[in-house]
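Q: I am new to this structure and would like to learn how to read some of its features. Could we go through them step by step?

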Amino acid sequence: MPQSRIFGKASGHGSRRRRGASCRTTVVFIVCALCFLFQLTLGAQVKEVRRVLVFYELGLSSPAVALVDREVRAVLENSPFQIELYREYLETTLFPDPATQREFREWYIHKYRERRPDVIIVIGPAPLKFLIDSHDASFKDIPIVFGGTSQEQSDNPTLDSHITGIWARFEPANTLEAALRLQPGTKHVVVVGGMSSFDRHLEAIFKEQLRSYEAKLDLTYLTDLDMPALLERLKHLPDHSIVLYTHVGLDARGTRFVGASQAGPMVVSAANAPVFGPSDVDLGHGEVGGNLNSFDMEGKIVGGMAVRILSGQRPQDIPIVRGAGVYMFDWRALQRWGLKERNLPPGSSVLYRQPSFWQAYKSNIGVSIFLLLAQTLLMFGLLLQRAKRKQAVAERRRSQLHLDSIVESAMDAVIAIDDEHRIVVFNSAAEKMFGCPSRDAIASPIDRFIPERFHAAQLAHVWHFGDTGATARTMGTLGSLWGLRANGEEFPVEASISHTEAGEKKLFTVIIRDVTERRRAEEALKRSEQHSREQVLHSPVGKIVVRGPSREVEVASLKFTEIFGYTIEDVPDEAHWWPLAYPDEAYREAVKAEWEKRIERAVSSHTDMDPMEAMVRCKDGSSRYIEFHFASFEDTGLVSFVDLTDRHRAEAALRESEERFRLVANAAPMMIWMSGTHKLFDYFNQTWLQFTGRSIREELGNGWAEGVHPEDLAQCMDTYTKAFDQREPFEMEYRLRRHDGEYRWVLDLGAPRFNADGSFAGYIGSCLDITEGKLAEDTLSSVSRKLIEAHEEERTWIARELHDDINQRLALLAANMGLLEQDLPESAVGLRNHLQDEKEQLSDIASEIQALSHRLHSSKLEYLGLATAAAGFCKELSDQRKVEIDFHSDDVPKELPQEISLCLFRVLQEALQNAAKYSGSKRFQVAVSGTSKEIHLTVRDSGIGFDLQEALKGRGLGLTSMKERMKLVDGQFSIDSQLQHGTTIHARVPLNHRMKSAGAGR
């Protein structure tokens, strides 16, 4: 074939003359066309200038801001105006200080004071507040278009007629519904967020919208952790979980993140469950997607509103848009988590779909085939019409134009070189691939686009190909090839080569395809396969990977060999497994039939196989109890083996232990019960059932409570519930109905139970009939009450005798001694002084007798009430013992029942006297306070303290007397004493106590 027309060279004088005439005609045409285009260009450049100012909350490092900015600029550039675009950034994250922000805003106001924009666009809550606050003073009458914020995040501002825009809306409830459609078995939903103001704002939206799901799903909020702790939690989520990612701009340690490009990918990488995001900027890092707030769409809407205002529309005529949400999902994430695309909500967009090899390269293959066919047809046509030179020249011209158009439109690089290694054809695809324009490449040596170390080998290969006489070699037959871009970057290529001869010269045409991405994908696939293989090999669970209809074993984990002893050589496929694992034919056929049935059901329904359990014979002859799992991926299957042998043995041992326990419990003379983790009773021994006369079915759950006396039931259940919640032992007394209808007092002792692994298993308890003991206790209490009553009566009698008789007689004696003193002569000075001393001693005796009378029986208590009597006693004791007593009373009723007042007064007397006598302290605190339900007395000292148990063993009756008195009024008495740290006595008496005797306190 002649070389001249294919590669643009002419031969002969006639050709040069024709070419010269053609060039002159072409030049004239180009000059005319340029003049015409220049006029059109001048007309097109006459555009009205419009000035647009954009305020961003954050810088372009924020993915959301970058996306909105790109779309706003695209809309403005396509408008019918010449746009002067000014962009400013408040950077509230980097410069949160209010003073700094105020300086920024004052500078912007000053900066644009003389250069007023036609429209202001604000993206974010801070810029919107800035423009609302300064609009009338600094940007009066300038239209404002807002975006990048929700109405709640901007504190529901009042917008005037100059403002319009779009409110962002986040729809986590819609995203959760889409997630539940994709993963119907979801039980746990984990919401991940941070601690910045925007993070908290999104968290509040999520909590509000997801509140209705709390009854159906286990909702957990991980929003107050530092990033390492958060990632660790996400690695161990339970099965059937999904993650809803809000935004993490700030973690608990104060570390800041870019939510979409930094925190989001870390969350996705760590989580062992699919992650659903809130907006389109979060998509592309492994998130599944959801009902996303689209910043891309926000940018288009905001830019469109700005153009409409520049075109003359008023802002008040452009309604505010609420939300730019769209269902958008990542195809790669759907594939990773096995989520079916058919379950997506209607109208969903699926991004990042990876085409098959044929889909990716079919156009290139077609063009290449078409190019080769076209070259062949062209050569054939030229050979047939060689005799007719004019017709051949015309045909070649048409063919050349057609070929040039094919070469230029080819998706692959097309390069032709002559036998001097010079490039004669360099199409547009080659320009893009090598980063070099055609004008620089033509006539240059081909080795400039070949790495230096491959020059000799690749050029020798080309010439060897020419010497073989072959006309073409297809893609992939030339071995591993590399190209060199103009910027020095090397990259892998595939090439096909063909050659033609023109006289003694050879021309080589090379079609080159950049396979960088394919190589990367292949390498990534190899790494992924190797990683998967390593995961299976070192899995803590026995696993094998099988492939094909015969299920040949490709990988067997080390744990598989550890459990069974079999290696991949022992079981190269499924057929070898059955006779080894199940030597008994009948059992083998039964297990095999069940296995095949479950496999068929799983494959037909595109789900994992329901786990099955069976005994397996190991290589050493032992047997293991195994749970089998099977999951299929096209022609590949993964079989997992969970060894349940130890658990079955433990369960058998537990059943045997429980059986022994029940035998012992049923023979025990005491009543025994047990409850599970749900607080309900699930066991009663025969002794209990014989006592109540009821069946086990009637007692189970909370049925036993029907036999508890109504007056004791509430306190009984409260004691049990509180102890159960705190996992603590308890002790309680209540009346339980016997089979004959009589209520008997029982002492119930309960203790928590725990499994071998430390997990809580419930409670076990025993009951003893203590009715006789209670009767004896009541009898003893009655005797104590009578003794105390007799004691009080005796104290009252003695007090009156001392006050009304002895004290009066002492007073009379003192008066007589005074008269005697007056009758003495002036000279009896010694006798007079002696009488005065005796009178003082007599007065002191009278005072002590009066104080003793008051201690024995206080008239203040009877007539003025507990608070006044207690205050008086404290003052008397303080004066007598020379100590400091700090007394306080609060809300103590004046008219208390006499038995309560007297009981607390006696406790106060005993406690204070003991403290003053034994504590070694000189300062005491006494407090009496009242509520609608009880009276509370506290006596506190900071003395040496004492051992309560040792004190109770002593012979003193003080503590015993106080405790017995409190029992008579249903009171509670407690002592808190520590050596060298003082003593505190508490006495509490209910105001609605059950009277045990009308004179209980007397």
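This is a predicted model: local features need pLDDT of at least 70, side-chain atom pairs count only at pLDDT 80 or more; totals for chains, interfaces and linings use all residues.

Q: With which residue does Arg 73 form a salt bridge?

A: The general idea is that side chains of opposite charge can pair when their charged atoms come close. In this case the partner of Arg 73 is Asp 69, and the closest N and O atoms of the two are 2.8 Å apart. Both residues belong to helix α3 (residues 63-77), where they lie four residues apart, about one turn of the helix.

Q: How many salt bridges does the structure hold, and where do Glu 341 and Arg 353 lie?

A: The structure holds 51 salt bridges, and one of them is formed by Glu 341 with Arg 353, whose closest N and O atoms are 2.8 Å apart. Glu 341 is in the loop between α11 (331-336) and β13 (349-351), while Arg 353 is in the loop between β13 and α12 (357-384), so this pair ties together parts that are twelve residues apart in sequence. Glu 341 is partly exposed at 33% relative accessibility, and Arg 353 is partly exposed too, with a relative accessible area of 45%.

Q: Which strands hold Asp 643 and Arg 624?

A: The side chains of Asp 643 and Arg 624 meet in a salt bridge of 2.6 Å, N to O. This pair links distant parts of the chain, with Asp 643 in strand β24 (residues 636-643) and Arg 624 in strand β23 (residues 623-633), 19 residues apart. At 28% relative accessibility Asp 643 counts as partly exposed, but Arg 624, at 18%, counts as buried.

Q: Which residues are linked in a network of salt bridges?

A: Such a network links Arg 738, Asp 740, Glu 742, Arg 744, Asp 769 and Glu 772.

Q: To turn to helices, at what angle do the axes of α28 and α29 cross?

A: The axes of helix α28 (residues 866-881) and helix α29 (residues 898-918) cross at roughly 20° and come within 11 Å. The two helices are therefore roughly parallel to each other, as angles under 35 degrees count as such. Residues making the contact include Leu 866, Phe 873 and Leu 877 of α28, and Leu 904, Phe 905 and Leu 908 of α29. The contact residues divide into eleven nonpolar, three polar and two charged.

Terms used: Residues are numbered from 1 along each chain as its sequence is written. Side-chain values use heavy atoms; hydrogens and water are left out. Axes are lines fitted to C-alpha atoms, for helices over the stretch in contact, and angles run from 0 to 180 degrees between N-to-C directions. Angles under 35 degrees count as roughly parallel, over 145 as roughly antiparallel, 65 to 115 as roughly perpendicular and the rest as oblique. Contact means heavy atoms within 4.5 Å. Ala, Val, Leu, Ile, Met, Phe, Trp, Tyr, Cys and Pro count as nonpolar, Asp, Glu, Lys and Arg as charged, and the others, Gly among them, as polar. A salt bridge is a side-chain nitrogen of Lys or Arg within 4 Å of a carboxyl oxygen of Asp or Glu. Buried means under 20% relative accessible area, exposed over 50%, partly exposed in between (1.4 Å probe, protein chains only).
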